[in-house]
Amino acid sequence: MPQTRSGHSVDWAQLATDLGYHDQAHLVRDFTTTIGQPPAHYAAGHPSPMETCRRQRTRVAVHAVSFRPGPNRCPATVDRVLTDPTYTVPAVPPADTGVAWLRAHVARFSEGADHRRRRALAEDFLAAVDAESLRRPGNPVANLAEALGLPRAVAAEVAVVARSYQPHTPVTEEADAAVARLVAACGGGWDEATANRIGLLVQACDATIALIVGRQPPVPVTRRVAPSGETVEVDLADTPFGAGRHACPGREHAEALADGALAFHRLHCGEQPLLLPNAWDFASAAALAGAGFPAVGTTSLGVAAAHGIPDAAGLTLAETLALARRLVRLPVPVTVDIEAGFGCDPHELAAQLWELGVAGVTIEDGRGAGLADPAEQARLVRGVKEGGPGLFVNARVDTHWLAVGQDSTIDRALRYVDAGADGVFVPGLRDERGIAAVVDAVPAPVNVLAQLDIHTLAGLGVRRVSTGSLLFRAALGSAVTAARAVRDGEPVGHPLGYQEVQDLIVTATPRRSRPH
């Protein structure tokens, strides 16, 4: 009986029968085609082909699934399968509605003339979208949808459809209903143009988020049907955007979407700490963006007080969301203070903010005069990160702000980072040794308030310095001072002129049109 170089005895005739091949020759041919080596050169150190194939139930895979070549495999092997017209995408049956209709009318699951016609439709949609316009924070599907002339809110429907899109995945009633709503959003026509418009969004969904969170390749495998009729799983580790006639038509767009989602993250990696000024309304945020600050945050005290509501009471959800909708018009990333989460489902709140185009959030573990249970807070942080994978989640540790449980600061910070936090905020920590200890212990950017000189903080390794409510309080003080000066007949100083403020609002360069 023949043996591989790994010493496994292989009954190729029996294996062919197990895999459903008509004869041994077809199996050996597919093995050689997909691997680029004949069976005798099968690499050492892998499970027997018989056991591997039985375990995987019969898939002659490229590189990672069933038959795996040695470390010197040529990437051209994958390209050969993807570019070989005899290896076709899995066929899907015709259908008139739902996910089945979508599958049956997109380029992704088509061949021949149908594929060429449908791919041309997808390419035309993408050609009308400037990839650079997608380089901004927010949910990438929402950003692409808006660029394609659809409401940003369709991102939620797209995510539902994506879970049932592949032919090997079950279709749910929820997914069928989501397709119907997407068709309605596109104008109501159940035609190929609509299908391929939706298809672009669905195919961008999981893959672009994978790029954002660093999963490589973003699409692990793709499927082809070999000439023998067997399904071949092709590992895309070396060809992340595919190759041949089914290569991703929107690579430039996908990379721009992922890059834009991470723009705010990169601001924490500069030579100097990010100085983040905190605004309380559109005018203050526009003024700060216009002054050249690369990003703007919100202050929960400012937002609450401006609406006659006490801070940290969890009562400003509506006001916070309304302000976020306005601030995403600005040409800089915006991060939002969500207090302790307003009692909302953290996944849903994060998803809503990410869909709006928000770049980050800060969530605190203070609860009145005390602290949240760190395990419970870690679950909140995890929920926020899962709901908005591209959000910069800044976990606020209130041990020093509230002067309670200060010896738990680092433990809490580490728990939150383990739960997915991208950064840690310790307001009230102003002791240089204490700051240095947190920076040394926490494997994420550390954020403090501007309570020490920024150059000192930079030397301690701090990556973000926030003004918190300082600017809001300064503005209140300046307003009262100006009023007193008028009352007392004294000079007021040099406030902005009326037209300057008008121009600030009118000409605040929008990143995009107002969200739907």
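Reply: Happy to! In this predicted model, the largest nonpolar core has 62 residues, and those with the most contacts inside it are Leu330, Ile338, Leu353, Val381 and Val442. This core draws at least three residues from each of domain 2 (84-260) and domain 3 (268-481). A second, separate core has 35 residues, among them Val99, Leu134, Ala204 and Leu257. In soluble globular proteins, nonpolar side chains tend to be buried together.

Apart from neighbours within four places in sequence, Val442 is in contact with Ala413, Leu414, Val417 and Val424.

Now for the rings. The count comes to 4 aromatic pairs. One of them joins Phe109 and Tyr165, with 5.2 Å from centre to centre and 55° between the planes, a tilted arrangement. Phe109 counts as buried because its relative accessibility is 6%, under the 20% cut-off. Tyr165 is buried too, with a relative accessible area of 3%.

Phe264 and Phe392 form another pair, with ring centres 5.7 Å apart; their planes are at 80°, so this pair is edge-to-face. Here again distant parts of the chain are linked, since Phe264 is in helix 12 (residues 263-266) and Phe392 is in strand 10 (residues 392-396), 128 residues apart. Phe264 is buried at 0% relative accessibility, and Phe392 is buried at 3%.

Charged side chains meet rings as well. The charged end of Arg329 sits over the ring of Phe282, 4.6 Å from the ring's centre. Likewise, the charged end of Arg396 sits over the ring of Trp401, 5.5 Å from the centre.

Finally, the backbone. Most residues other than glycine have a negative phi, and most peptide bonds are trans. Against that background, look at Glu339, where phi is positive, near 50°. Glu339 lies in the loop between strand 6 (334-337) and helix 16 (346-356) and is buried at 2% relative accessibility. Ala403 also has a positive phi, near 55°, but Ala403 is exposed, with a relative accessible area of 58%. Its place is the loop between strand 10 and helix 18 (409-418). A cis peptide bond joins Gln216 and Pro217, with omega about -10°, and Pro217 lies in the loop between helix 10 (192-213) and strand 1 (221-225).

Conventions
Residues numbered from 1 in each chain as written. Predicted model: local features only at pLDDT ≥ 70, side-chain atom pairs only at ≥ 80, totals over all residues. Heavy atoms only, no water. Core = buried A, V, L, I, M, F, W, Y, C linked by side-chain atoms within 4.5 Å. Buried < 20%, exposed > 50% of the residue type's maximum accessible area, 1.4 Å probe, protein only. Domains from an automatic or database assignment. Contact = heavy atoms within 4.5 Å. Phe/Tyr/Trp six-rings, centres within 6.5 Å; stacked < 30°, edge-to-face > 60°. Helix = DSSP H or I, 4+ residues; strand = E, 2+ residues; numbered from the N terminus. Lys NZ or Arg CZ within 6 Å of the ring centre and 35° of its normal.
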